[in-house]
Amino acid sequence: RNTSLGGNADARFVPVITLNDRTTILPMYQGSYRGVKDVQELVGGGTLTRASMSHGLTARVIHRLNDDRKVKARGGFRMEWLREAESETLSTGLFNSRRLSGGAEVEQALFGKLNARAGYDYFTMRYPNYASLASDPKFQEAGLAAAAGKNLLDYNTHEPFFEIAWKASDLLIGRVGYDIALKQFTEQFH
């Protein structure tokens with residue numbers, strides 16, 4: 001009789017490093033393990049995963065220019081491993097990914113309880129274990145792989161954003177924002 005024991009674990013560590021009265025650094029480690037079957041959104045559809053694990057390191061720098069304006073910069077790296085099939089291990093999962101990110105924003109206080117933010121984020125997603133069947137030599141010999149590369153899931157994203165927040169009280173904050181994500185798939189040619 002097959003039995004299994006599974007569980008979930010999360011860890012987060014965020015020390016606050018104050019350099020001076022204007023500049024703060026927030027390094028962060030965030031990790032998780034999911035040993036219980038779960039459905040995850042992968043490549044446009046729900047996929048059953050048997051286990052997953054992720055580790056991420058990020059750093060944020062917040063610099064106060066004056067009482068009303070802050071500039072913020074951030075950068076990070078995250079790895080995620082997904083095990084879908086019994087024959088896979090976490091290190092060999094087809095949809096394992098690596099994400100490298102960076103960005104900056106300006107935050108401005110307006111008229112007391114109003115606050116505005118604008119910025120730009122950029123990130124890359126890579127799937128090192130995924131290779132398109134179109135990259136198989138059999139398909140290339142037949143002339144069927146001309147329109148696609150090997151790493152069809154890899155992409156780069158540009159995300160500009162803008163947001164206005166209104167603090168109605170200590171318990172209520174309203175936000176209105178606009179952001180757009182421009183994805184560039186690096187090896188999809190049609």
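I began with Leu182, which is partly exposed at a relative accessible area of 43%; here buried means under 20% relative accessible area, exposed over 50%, and partly exposed in between, with a 1.4 Å probe and protein chains only. I was working in a predicted model, where local features need pLDDT of at least 70 and side-chain atom pairs count only at pLDDT 80 or more, while totals for chains, interfaces and linings use all residues. Residues are numbered from 1 along each chain as its sequence is written, and side-chain values use heavy atoms, with hydrogens and water left out.

I placed Leu182 in strand E12, residues 182–185 (strands, E, are DSSP runs of at least two residues, and helices, H or I, of at least four, numbered from the N terminus). Together with Tyr178 and Ile180, Leu182 forms a nonpolar patch on the surface, about 300 Å² of accessible area for the three together. A patch takes residues with over 30% relative accessible area and no salt bridge, joining like charges within 9 Å and nonpolar side chains (Val, Leu, Ile, Met, Phe, Trp, Tyr) within 5 Å; the areas come from the Shrake-Rupley method with a 1.4 Å probe, and for residues only the protein chains shown count as cover.

Next I looked up the salt bridges, of which the structure holds nine, each being a side-chain nitrogen of Lys or Arg within 4 Å of a carboxyl oxygen of Asp or Glu. In one of them, Glu107 meets Lys72 with the closest N and O atoms 2.7 Å apart. Glu107 belongs to strand E8 (residues 97–110) and Lys72 to strand E7 (residues 69–83), so this pair ties together parts 35 residues apart in sequence. I noted that both Glu107 and Lys72 are buried.

I then turned to Asp121 and Arg74, whose side chains form a salt bridge of 3.1 Å, N to O. This pair links distant parts of the chain, with Asp121 in strand E9 (residues 114–126) and Arg74 in strand E7, 47 residues apart. Asp121 is buried, with a relative accessible area of 16%, and Arg74 is buried as well, also at 16%.

For Arg78 and Glu80 I recorded a salt bridge with the closest N and O atoms 4.0 Å apart. Here Arg78 is partly exposed at 38% relative accessible area, whereas Glu80 is buried at 16%.

Which residues are linked in a network of salt bridges? I found Arg74, Glu105, Arg117, Asp121, Glu163 and Arg175. Of these I followed Glu163, which lies in strand E10, residues 155–167, and is buried with a relative accessible area of 15%. A polar contact of 3.0 Å joins the side chains of Glu163 and Arg175 (a pair of N or O atoms within 3.5 Å; within protein, one must be able to donate a hydrogen and the other to accept it, and residues adjacent in sequence count only if both atoms are side-chain atoms). Not counting residues up to four places away in sequence, Glu163 touches Asn115, Ala116, Arg117, Arg175, Val176 and Gly177, contact meaning heavy atoms within 4.5 Å.

Last, I checked how the strands pair, which requires that DSSP finds at least two bridges between them. E7 and E8 pair in the antiparallel sense over twelve bridges, and Met79 stands opposite Arg98 in E8. E8 and E9 are likewise antiparallel, over 13 bridges, with Leu114 in E9 as the bridge partner of Leu110. I also noted that E8 and E9 form a hairpin with three residues between them, where Phe111 in the turn has a positive phi of about 50 degrees.
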